[in-house]
Amino acid sequence: MKFNEHPDQDMLAIEVANEIAGDLKTHLLSHEGASFAVPGGTTPGLIFDALCAADIEWGRVHVMATDERWVPADNARSNARMIRARLLQNRAAAAQLLPFYVPEGQPEEVLAGLDAQVVQQLPLSVLLLGMGEDMHTASLFPGADGIEAALAADAPALIVMRPDCQPEARISLTARVLDSAIAKHLVIFGDAKRRALEQAMALPPETAPVQAVMSEVTVHWAP
């Protein structure tokens, strides 16, 4: 694990955006396309604002969320909505987004088809992650039903999670897919999350799921 400390969130966003742009460009030098998985929530917005203008062949980049709430794409809680609004702008509007929400049916009914599409993009070329103070990442929540399956070495690419602490079902990339990404960045803000990450390193993944995706990751922290 490499730990980068930044003076503030604005500087972090610019520097992480530059690093991710470099990762994508490097991958595209020797591959036809690149896969890029990103979180929703509030953490990545500033990064997306800087990254979307990067001079990359975005038409060769496939973007997906690390996880998605089972809500329509126009819902305020939709990660795809935020990704479209903040990342798929400017030059990055040419990138292709793989949405995880399907209007018809329940998540379990569409999971196999989505999983097959994700498998075509593996290993992930570049991964951007966030982390909650409870040490969850993507939709891998500590103690949630199904967390053992999501952490398993032979897990599928995607899994349905229904954590009691959340109002809706979620579809999430599993730990093995997240951890096997070629370039990985974890962004955290504030002292509480820094302490949580330090604690996570001494805990089992069932208690601290982020611990399962930390191999060769670059952590970016700002107050």
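Leaving aside its neighbours within four places in sequence, which residues is threonine 137 in contact with? I will come back to that in a moment, after a word on the model.

What we have here is a predicted model, in which local features need pLDDT of at least 70 and side-chain atom pairs count only at pLDDT 80 or more, while totals for chains, interfaces and linings use all residues. Residues are numbered from 1 along each chain as its sequence is written, and side-chain values use heavy atoms, with hydrogens and water left out.

Now to threonine 137, which sits in the loop between strand E6 (126-129) and helix H5 (147-151); helices (H or I, at least four residues) and strands (E, at least two) are DSSP runs, numbered from the N terminus. Beyond those sequence neighbours, its contacts are Leu129, Gly130, Val210 and Val213, where contact means heavy atoms within 4.5 Å. Threonine 137 has a relative accessible area of 1% and is therefore buried, the classes being buried under 20%, exposed over 50% and partly exposed in between, with a 1.4 Å probe and protein chains only. A polar atom of the threonine 137 side chain also lies 2.7 Å from the backbone oxygen of glycine 130.

Alanine 138 belongs to the loop between E6 and H5 as well, and it has a positive phi of about 50° although it is not a glycine. With a relative accessible area of 9%, alanine 138 is buried. Asparagine 90 also has a positive phi, of about 55°, without being a glycine; its place is in the loop between helix H3 (79-86) and strand E5 (96-98), and at 54% relative accessible area asparagine 90 is exposed. As background, most residues other than glycine have a negative phi, and most peptide bonds are trans. Serine 125 is found in the loop between helix H4 (107-119) and E6, and is buried at 3% relative accessible area. Apart from neighbours within four places in sequence, serine 125 is in contact with His27, Ala34, Ser35, Ile182 and Ala183.

How many residues does the largest nonpolar core have? The number is 46, and the members with the most contacts inside this core are Phe100, Leu173, Leu186 and Val210; a nonpolar core here is a set of buried Ala, Val, Leu, Ile, Met, Phe, Trp, Tyr and Cys residues joined through side-chain atoms within 4.5 Å. Apart from it lies another core, of 33 residues, among them Ala21, Ile47, Ala54 and Ala95. If we look at leucine 186 and do not count residues up to four places away in sequence, the residues it touches include Leu129, Gly130, Val210, Met214 and His220.

The next topic is charge pairing. The whole structure holds eight salt bridges, a salt bridge being a side-chain nitrogen of Lys or Arg within 4 Å of a carboxyl oxygen of Asp or Glu. One of them joins aspartate 67 and arginine 170, with the closest N and O atoms 3.6 Å apart. Because aspartate 67 lies in strand E4 (residues 67-69) and arginine 170 in strand E8 (residues 170-173), the pair ties together parts that are 103 residues apart in sequence. Both aspartate 67 and arginine 170 are buried.

Another salt bridge is formed by arginine 194 and glutamate 5, whose closest N and O atoms are 3.1 Å apart. Arginine 194 lies in helix H7 and glutamate 5 in strand E1 (residues 2-5), so this pair ties together parts that are 189 residues apart in sequence. Arginine 194 is partly exposed, at 23% relative accessible area, whereas glutamate 5 is exposed, at 52%. Glu5, Arg194 and Glu198 are linked in a network of salt bridges. The side chains of glutamate 57 and arginine 60 meet in a further salt bridge, at 2.9 Å from N to O; glutamate 57 counts as partly exposed at 49% relative accessibility, and arginine 60 is partly exposed at 23%.

Alanine 152 counts as partly exposed, at 22% relative accessibility, and its C-alpha atom is separated by 9.8 Å from that of alanine 212, 60 residues apart along the chain.

Definitions and conventions. Polar contact = N/O pair within 3.5 Å; in protein donor to acceptor, adjacent residues only side chain to side chain.
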